[in-house]
Amino acid sequence: MICIKNGTLHTAVSREPIKADLLIDNGKIVRIAENINEAGAEVIDAAGLNVYPGFVEAHCHIGLDGYGIGYEGQDYNELNDPVTPQVRAIDGINPFDPCLSMAAKAGITSFATGPGSSNAIGGTFAAIKPVGKRVDNMIVKYPIAMKCAFGENPKRCYRTKGISSRMTNAAMIREALDKAKLYQAKIKAAGDDASKLPAYDQKSQALLPLINKEIPLKAHAHQANDICTALRIAKEYDLDVTLEHVTEGHLIVEELAKENVPLAVGPTLGHASKFELQNKTWETPGILAKAGCHVSIITDAPVIPLHYLPLCAGMAIKAGMDEYDALRAITINPAEHIGIADRVGSLEVGKDADVVILDGSPFTVEGEVRHVFINGSEIEL
């Protein structure tokens, strides 16, 4: 049992910080109140310090694209087939990737990782925590989404293998969804008669959780027209969808506010390395949040190192984003975006004891992480 006393708690569900103690037991937050004095509890004195929920990343590729290994060691893009819904992030994640421990030490305690954006359909994402030696024991939730991609990446990677335009890319996604719906219809028609079942189709089988709205489509889209195509396809097939990157979201903010789908904005720190990033700006998350959109800020690590996630929120604040909105954009919003808000993303009784204690603000380079707890256990900094 651990009692964090005398800290300033930034809960991510209440705009104003509170002065209170926080009691951890058996990996969970069990009490938040003033003057907790629990017999036998280890006391962490957080006087003069700020206490935050563990930070959450809604979209990255670490564990699949490892630290310091180059192209030879990457496992996040399957480049032999543009449509691979059957591949699973958990089969490629390396728990010993140094990026995980670097992220944990910076207070990023949960993240979504999975296939990259080379493929029209790329496979399933997982939500995990950055501690452990076996991915099966690190999972918060799996699967959390089916990755797909629009725009330049599939065109570039498959230009000589079947995709040379945005139209073809969208057509391939539709074809896979049509096949999955037909496959499902045949299964239902077969009923209890196994002899009438369709021939096993691994790709269509993998798409059934998406078709059945058990997981959302996780749609990579930077450019405004690609964002709209992702929304169009989701509506055509009655799919839940989250939008990833949303680089030109500020150009269609009114449309996105009407759509009311989760938006993961980034990576914004760095050069506009391709045409579809030419309108990249730190103002985007603030503009979208001000319009009432559900906004997460992402690093797309390793594009931006995952341990810089709080600094990215700080850059958004500098560009005009409300500080509370920015805090929610790296805590409760990404937790909701990836479907794990029942466990993480805020300081609330009953949630996992993922807690970060800082001297100063996480949004500045001066802020110093003093303690990080994941599942109630303090990690070594």
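**Close-up views of the predicted model**

View 1. Most peptide bonds are trans, and most residues other than glycine have a negative phi.

**View 2. Asparagines with a positive phi.** Asn 6, although not a glycine, has a positive phi of about 70 degrees, and this residue is placed within strand β1 (residues 2-9). With a relative accessible area of 40%, Asn 6 is partly exposed, because that value falls between the limits of 20% for buried and 50% for exposed residues. Asn 26 is not a glycine either and has a positive phi of about 55 degrees, but its place is in the loop between β2 (18-25) and β3 (28-33). The relative accessibility of Asn 26 is 74%, so this residue counts as exposed.

**View 3. The largest pocket and its lining.** The largest pocket has a volume of about 490 Å³, and 27 residues line it, of which Ser 117, Asn 153, Lys 274, Asp 300 and Val 303 lie nearest its centre. Helix α2 (residues 152-157) supplies the largest share of this lining, namely 3 residues. Sorted by class, the lining of the largest pocket comprises 13 polar, 9 nonpolar and 5 charged residues.

**View 4. The second largest pocket.** For the second largest pocket the volume is about 260 Å³, and among the 17 residues that line it, those closest to its centre are Asp 75, Tyr 76, Asn 77, Glu 78 and Val 87. The lining of the second largest pocket divides by class into 8 polar, 5 nonpolar and 4 charged residues.

View 5. The structure holds 1 aromatic pair, which is formed by Tyr 52 and Phe 55 in a tilted arrangement, with 6.1 Å from centre to centre and 50 degrees between the planes. Tyr 52 has a relative accessible area of 3% and is therefore buried, and Phe 55, with a relative accessible area of 0%, is buried as well. Elsewhere, the charged end of Lys 218 sits over the ring of Phe 125, at 5.1 Å from the centre of that ring.

**View 6. Ala 46 in its loop.** Ala 46 is located in the loop between β4 (42-45) and β5 (50-53), and its relative accessible area of 0% means that Ala 46 is buried. Between Ala 46 and Asp 342 there are 296 residues of separation in sequence and 26 Å in space, taken from C-alpha to C-alpha.

**View 7. Confidence along the predicted model.** The protein averages a pLDDT of 97, and 99% of the residues score at least 70. Confidence is lowest in α2, where the mean is 96, and highest in strand β13 (residues 295-297), where it is 99. Where pLDDT is low, the predicted coordinates should not be read in detail.

Conventions
Residues are numbered from 1 along each chain as its sequence is written. This is a predicted model: local features need pLDDT of at least 70, side-chain atom pairs count only at pLDDT 80 or more; totals for chains, interfaces and linings use all residues. Side-chain values use heavy atoms; hydrogens and water are left out. On a 1 Å grid over the protein atoms alone, a cavity is a set of points where a 1.4 Å probe fits but cannot get out, and a pocket is an open set with protein on both sides within 12 Å along at least five of seven lines; lining residues have an atom within 4 Å of a point. Grid points are joined across faces, edges and corners, and a volume is the space filled by probe spheres set on the points. Helices (H or I, at least four residues) and strands (E, at least two) are DSSP runs, numbered from the N terminus. Ala, Val, Leu, Ile, Met, Phe, Trp, Tyr, Cys and Pro count as nonpolar, Asp, Glu, Lys and Arg as charged, and the others, Gly among them, as polar. pLDDT is the predictor's confidence in each residue, from 0 to 100. Rings of Phe, Tyr and Trp (its six-membered ring) pair if their centres lie within 6.5 Å; planes under 30 degrees apart count as stacked, over 60 as edge-to-face and the rest as tilted. Buried means under 20% relative accessible area, exposed over 50%, partly exposed in between (1.4 Å probe, protein chains only). A charge sits over a ring if NZ of Lys or CZ of Arg is within 6 Å of the ring centre and within 35 degrees of the ring normal.
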